[in-house]
Amino acid sequence: MVEFSHNWQDHMGAMQSEMERFLERFSSSKPPAVRFSPQAWEPATDIYETEEEVVVIIDLAGVSSLDLSLAVENNVLFIGGQRQDKRPECKRSYCQMEIAWGPFQRALPLPTRVDGDGASAEAHDGLVEVFLPKVKDSNTRSIIVKVR
């Protein structure tokens, strides 16, 4: 038989105080995405389908087309590049820091088979739109079944 200490409620109160202190420190510091950021950040994306194509919209404000690469392989769109840090070099103290600088990468599985050779892209207003024509399945054929 297991015996429990009768003062377990005192321990719970102490644990609650420690947790509140931890959460207060955590919420008043920089966001974890800034403090513990990986080597590369991932741009926000939207993906939608029309009858003829898959369209991917990528939020890449401040990224030059020279610093961007797009590739389609095995029905996955690979996005990579770098947002150059063009901020002036001076001593600064941040109040808020959310914009990611440096290299980025993302692999997006596409919802259907696409023709990478027919892909095109346009950049405007900080967004890049990638147009990927859907593959017409040439193995599909219709047959007429006669009932006797």
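Residues are numbered from 1 along each chain as its sequence is written. In this predicted model, local features need pLDDT of at least 70 and side-chain atom pairs count only at pLDDT 80 or more, while totals for chains, interfaces and linings use all residues; side-chain values use heavy atoms, without hydrogens and water.

**Exercise 1.** Find which backbone oxygens the side chain of Arg-83 reaches.

Step 1. Look for a salt bridge, a side-chain nitrogen of Lys or Arg within 4 Å of a carboxyl oxygen of Asp or Glu. Arg-83 is buried and has none; Asp-59, the nearest side chain of opposite charge, is 5.4 Å away. Buried means under 20% relative accessible area, exposed over 50%, and partly exposed in between (1.4 Å probe, protein chains only).

**Exercise 2.** State where Asn-74 and Asp-125 lie.

Step 1. Asn-74, not a glycine, has a positive phi of about 50°; Asp-125, also not a glycine, has one of about 55°.

Step 2. Asn-74 is in the loop between strands 3 (68-73) and 4, and Asp-125 in that between strands 6 (120-124) and 7 (127-133).

**Exercise 3.** Count the disulfides.

Step 1. Apply the rule: a pair of cysteine sulfur atoms within 2.5 Å.

Step 2. The count is zero.

Notes:
Lys and Arg count as positive and Asp and Glu as negative; His and the chain ends are not counted. A polar contact is a pair of N or O atoms within 3.5 Å; within protein, one must be able to donate a hydrogen and the other to accept it, and residues adjacent in sequence count only if both atoms are side-chain atoms. Helices (H or I, at least four residues) and strands (E, at least two) are DSSP runs, numbered from the N terminus.
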